[in-house]
Amino acid sequence: MAPGGEPIFLSLSRGLCRACRRPAEVRYVATPEGVFLERFCPEHGTSRALVAETLAWYLAALQAPSAARPPGWTVPRTGECATSCGPCSFHGQACHLPVFSITNACDLRCPICFTYNRPDRAWFMSPDELERHLDFVLQATGGVDLVNVTGGEPTMHPALPELLRRCRRPGIGRVTVNTNGLRLARDPALAAALADTGAYAILSLDTLDPQRSVRLHGRDIVGEKRAALDALERAGVPTTLLMVLVGGVNEDELPALLDLLATRAHVRSLTVQTMTYTGQGGGAFEPRLHVPVEGVERRVEEATGGRIARRDFLPLPAAHPLCYGVTYLLSDGAGTLHPMTRLLPPAALARQLADGYLLRPTDGFEAELKEGLDRLWASGADPALLATVKDLVRSVYPPGEPLDVHERQRRAERRVKTIYVHAHMDEDTFEIGRAMRCPDQVPVHAERLVGACAYNLFHRQRDARFWVQNDA
Amino acid sequence: MHETFAATRALCNVCGRLGDAKIAFAGDRVHLVKWCPEHGETRALVSSSREWYLKALAYVKPGTSPRSRSVATLAECPDACGLCPRHQQHTCVPLLEITPACDLACPDCLTDGKVSAALSVEEVRKVVDGLLAREGQVNMLTLTGGEPTVHPDFLEVVDAVGRPEIGIVSVSTNGLRLSREPDLVRALADRGVVISLQLDGTSPATSARLRGRADLAERKLRLVDDVLAAGGRLSLTMTLARGVNEGELPAVLDLLFRHDGIASLMVQPLAGFGPSPGDPLDAITIPEVVSRLAAASRGVLAERDFTPLPCSHPTCFALTYLLRTEQGALVPLPSLVDPERYLDVIANQAMLDTGRESLLAVRDALYALWTSDGIVPNREAVLRTVKRILVDLNALGADADPRGVLAVGARHVKSIFIHQFMDRATFDLSRAAKCCNHYPQAGGRLLPACVRNVRGGARC
């Protein structure tokens with residue numbers, strides 16, 4: 001990189017002007033301070049947002065294995081990319097994670113919220129309506145590994161268990177449900193009901209500090225979060241912790257969350273979403289410090305003293321490398337996590353991920369694991385680590401016991417934990433190249449699938465249930 | 001089935017409308033896919049190798065700002081170009097169109113009709129003043145057209161641009177007038193002008209197909225001899241056309257390798273201009289040229305000897321340098337020096353730089369070679385040659401006149417460039433934004449070559 005010299009121009013594309021929301025030419029530009037998306041609006045001039053901390057990371061991410069498969073089902077294109085998404089044949093990725101919003105009700109009003117809720121006109125998706133949307137998604141995709149049920153706050157839906165049961169059908173591998181945990185904390189029956197449905201919980205947990213909780217959520221809900229986590233543990237609900245990393249606010253809480261990932265058996269993964277400055281809360285949040293995927297990876301490296309390093313992450317092959325990073329960590333069950341990249345090269349992990357979010361322990365993977373084990377052994381690795389790997393192989397590939405891939409996946413996840421880093425786009429970071437590769441898609445009126453950030457930035461406002469025109 | 005990689009801005013193949021586009025992989029091939037509200041999806045091949053394309057993207061270096069910009073305010077890309085403060089590279093290779101007239105009528109001409117009238121010598125001076133106001137100095141200025149040698153005051157133009165701030169003057173020519181006028185050849189040789197000769201091959205069939213005249217090849221080969229006999233400096237520019245002259249590469253390389261006076265070869269895959277632009281999915285792209293050059297070089301070159309040029313957009317150029325030993329053997333420089341150092345040497349110039357910094361970088365790279373224990377081909381001969389270069393360079397000193405440095409380079413180093421011009425189908429705004437080959441205009445504007453060629457001169 002230039003030592004303080006001229007910026008390095010990388011590429012250009014189309015984005016959005018925050019001020020007038022008109023399409024704007026955007027450019028990826030590297031400077032000594034990082035890689036920025038720089039936008040130019042003839043009326044509002046230029047502005048920029050950080051998308052990677054170093055040029056080296058950015059260039060490596062571009063070269064990483066990708067698995068962009070065009071959608072098999074598309075709608076005719078009627079307008080510009082993103083604003084008219086459906087998807088059309090220009091979209092570069094099939095839907096791998098349909099995101100169902102089942103309510104616009106929420107019992108919080110978080111200053112960091114990037115969506116719009118309407119407690120004033122509460123709406124709850126009926127089980128039949130959900131069924132119609134599922135039919136549509138399955139017909140459009142031919143089946144998905146994952147569906148995500150979100151809101152609003154899904155636990156406010158009076159028929160949540162019924163909805164989750166409706167999601168259990170052929171063609172759907174797993175159901176995840178987002179929650180702020182408030183109701184889980186006070187209703188012991190809810191965690192058990194969730195466990196019955198087989199759904200995985202995604203518990204928002206941004207901070208363990210009461211004052212920051214007020215800053216991020218409008219009030220101190222740390223106690224409720226801890227109670228919700230315990231309730232999920234007691235009920236045996238596999239859980240993802242979802243942290244919104246807010247630049248300048250809660251970056252130093254990563255170690256505590258990593259510790260929960262390492263030590264709580266039911267916590268299978270940690271998703272770190274970087275703060276998105278859009279929506280009813282986020283749109284006005286200050287300061288607007290964009291943390292890119294690389295920024296989270298660096299902070300994980302610092303938080304773990306390099307035990308989980310930046311090089312242990314790979315871009316999720318199904319998505320744009322600026323949107324998703326992932327690392328897999330072998331847990332020894334005693335609180336230590338070993339990055340899987342020490343066992344298998346990132347390319348081998350990318351192969352197993354293919355175009356999905358979850359490692360697929362196929363038959364070929366057994367051989368790769370065993371080869372990795374041999375390499376580890378030959379390099380004189382710690383016997384405890386070798387034992388952990390052997391244990392993993394025995395559990396996921398029990399001799400003489402044929403298992404389907406989903407069962408293998410469930411078994412693997414007890415021993416292999418995951419950190420996902422997910423950077424959504426807001427007006428400052430929106431760029432159609434990322435939108436085109438989005439695998440997280442929102443079914444709209446059971447007739448369109450819209451990439452999640454395209455939905456948040458352009459489609460939500462067409463639906464009065466999820467939009468407040470002049471939000472104060 | 002294709003794999004979407006990234007978005008850019010590009011032109012509809014049919015109507016040229018600027019809009020959303022993406023880079024997508026179709027197997028190992030790289031396509032530019034465009035969407036137009038009127039004509040739907042159109043596409044063009046931009047690289048025949050996904051691996052080369054991805055690797056090239058990592059060859060990036062900071063741009064250099066010109067001293068000042070002709071278009072002072074930020075402007076819409078590309079039609080208001082000229083350059084505005086958003087253009088990401090200075091004018092490394094100015095191409096000065098001095099006349100629209102030409103004594104040939106090539107079917108695929110890319111400049112046809114874009115120059116309105118010949119510039120007077122006074123106008124040429126003004127354009128050069130404007131250029132130097134932006135750049136301070138330029139290493140090489142190319143006179144082009146039309147056919148520059150048919151300018152009525154051609155030699156006066158040459159003298160008018162032969163200023164101390166301009167290192168080398170080169171003339172991009174079809175050679176027709178020069179082949180008839182040995183006095184003019186001598187005049188150019190005496191002035192140290194590089195004759196950049198369009199030479200697509202040595203067979204009459206190639207000339208007939210690409211230039212409309214079968215007798216050109218023989219005339220050009222005679223001209224090569226005449227220029228060399230006159231002590232002139234030559235470089236060759238070859239247009240490579242699918243199904244026409246791929247088979248001419250060995251003969252053209254042979255000319256380059258054989259003659260000390262031919263310093264460089266530029267290979268330009270034919271861009272889609274003219275009435276029948278060809279199948280945009282069957283275009284010749286850089287990785288194919290690299291592979292054909294390696295195959296045609298009789299073992300002198302390997303594909304790995306070529307690298308993208310990082311100062312322009314890395315998908316626009318590829319290049320290699322060959323060291324000529326004192327025994328006449330040719331050894332690719334990338335096979336001798338540390339790739340990182342090599343990259344520094346070629347970083348910000350489309351020719352071996354004559355600036356002080358690059359001179360020192362070359363010297364460092366060569367010293368490193370001198371002291372390395374690496375296994376290099378023809379080691380003894382190479383080291384003797386390197387020593388010779390170091391002696392010559394040191395004799396010039398760090399404040400050397402660019403011409404002197406270039407002369408040292410020309411004695412010992414040959415270059416091969418591949419330049420992928422864009423046409424309407426392959427035009428990618430991400431590439432245009434970092435273009436360093438500009439046409440200076442009478443009004444002071446500097447137009448990137450492909451913006452000019454594809455979008456025309458109407459707005460200038």
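A residue is called buried if 20 or more other C-beta atoms lie within 10 Å of its own, exposed if 12 or fewer, and partly exposed in between, with C-beta atoms placed from the backbone. This is a predicted model, in which local features need pLDDT of at least 70 and side-chain atom pairs count only at pLDDT 80 or more, while totals for chains, interfaces and linings use all residues. Residues are numbered from 1 along each chain as its sequence is written, and chains are lettered from A and ligands numbered from 1 in the order in which they are written.

**Stop 1: the loop between H1 and E5, chain A**

Helices (H or I, at least four residues) and strands (E, at least two) are DSSP runs, numbered from the N terminus. Select A:Ala82, which lies in the loop between H1 and E5 of chain A. Its phi is near 80°, a positive value in a residue other than glycine. A:Ala82 is buried, with 29 other C-beta atoms within 10 Å.

Next select A:Pro87, in the loop between helix H1 (55-63) and strand E5 (97-101) of chain A. A cis peptide bond joins A:Gly86 to A:Pro87, with omega about -10°.

**Stop 2: strand E9, chain A**

Select residues 239-245 of chain A, which form strand E9; seven of its seven residues are buried. A:Thr239, A:Leu241, A:Met243 and A:Leu245 point one way from E9(A), while A:Thr240, A:Leu242 and A:Val244 point the other way.

Two strands pair if DSSP finds at least two bridges between them. A:Ala201 has A:Thr239 as its bridge partner in E9(A).

The bridge partner of A:Thr239 in E10(A) is A:Val267. From E9(A) the chain crosses through helix H8 (residues 254-263) of chain A to E10(A), a β-α-β crossover that is right-handed. Right-handed here is the case where, with the strands pointing away from the viewer, the path from the first strand over the helix to the second runs clockwise.

**Stop 3: helix H6, chain A**

Select helix H6 (residues 210-217) of chain A, whose buried residues are A:Ser213, A:Leu216 and A:His217. They cover an arc of only 75° around the axis, which puts them on the same side of H6(A); the arc is that of the directions from the helix axis to the C-beta atoms. Helix H7 (222-235) of chain A is included in what covers these buried residues. A:Gly218 follows H6(A), and its phi is positive, near 90°.

**Stop 4: two further loops, chain A**

Select A:Pro287, found in the loop between helix H9 (279-282) and helix H10 (293-303) of chain A. The peptide bond from A:Glu286 to A:Pro287 is cis, with omega near -5°.

Then go to A:His445, in the loop between strand E15 (440-444) and strand E16 (448-451) of chain A. A:His445 is not a glycine, yet has a positive phi of about 50°. With 9 C-beta neighbours inside 10 Å, A:His445 counts as exposed.

**Stop 5: B:Leu223**

Switch to chain B and select B:Leu223, in helix H7 (residues 216-229) of that chain. B:Leu223 counts as buried, with 25 C-beta neighbours inside 10 Å. Leaving aside neighbours within four places in sequence, B:Leu223 is in contact with B:Gly175, B:Leu178, B:Ser179 and B:Leu197; contact means that the C-beta atoms of two residues, placed from the backbone, lie within 7 Å.
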